[in-house]
Amino acid sequence: MVKIADMLTSIRNGIRNGDMDPKKQVRVLSSITIEKIVQILIREGFIKNMRKHRENNKNFLVSTLRPRLRRMRRSRQFLSFKCISRPGARIYSNCKKMPRILGGMGIVILSTSRGIMTDREARLEGIGGEVLCYIW
């Protein structure tokens with residue numbers, strides 16, 4: 001869970017600090033779970049693309065962020081998240097009691113028996129799982 005929170009924080013800080021730079025990139029340590037979450041973020045439109053990079057026997061994911069124009073207020077956040085499950089407190093949800101973030105505008109990322117997926121995909125499949133994080 002700590003790796004997931006670090007990855008989301010790096011992406012959020014990159015979006016917040018590099019709004020005017022169209023080639024802003026963020027580098028995070030790679031794992032299978034992180035790769036699946038980044039693929040979900042690409043599908044949902046939070047980031048532009050991803051490539052793998054190897055340096056000093058460590059694998060990294062280099063994500064190119066989407067350029068966004070700044071809003072009126074400087075403190076406006078474009079990516080907010082909340083990590084739900086922790087190593088000491090796992091939170092599980094079935095498909096009927098799965099939370100909706102901002103009435104369906106945000107996404108819930110779940111770890112299910114069929115892999116990591118969003119809340120919409122899990123509802124369509126009719127399965128539940130461990131709630132990893134909310135992203136809006």
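Start with β6 and β7 (residues 115-118), which pair in the antiparallel sense over four bridges; strands here are DSSP E runs of at least two residues, helices are H or I runs of at least four, and both are numbered from the N terminus. Two strands count as paired if DSSP finds at least two bridges between them. Two residues sit between β6 and β7 in this hairpin. Now select Leu-110: its bridge partner in β7 is Met-117.

A note before moving on: this is a predicted model, in which local features need pLDDT of at least 70 and side-chain atom pairs count only at pLDDT 80 or more, while totals for chains, interfaces and linings use all residues. Residues are numbered from 1 along each chain as its sequence is written, and side-chain values use heavy atoms, leaving out hydrogens and water.

Next, select α1 and α2. Their axes (lines fitted to C-alpha atoms over the stretch in contact) lie 10 Å apart, at an angle of about 35 degrees. Show side chains, and you will find Lys-3, Ile-4, Met-7, Leu-8 and Ile-11 of α1 meeting Thr-33, Ile-34, Ile-37, Val-38 and Leu-41 of α2, with contact meaning heavy atoms within 4.5 Å.

Now centre on Ile-37. Leaving aside residues up to four places away in sequence, Ile-37 touches Ile-4, Met-7, Ile-109, Ile-116 and Leu-132.

Methods
Axes are lines fitted to C-alpha atoms, for helices over the stretch in contact, and angles run from 0 to 180 degrees between N-to-C directions.
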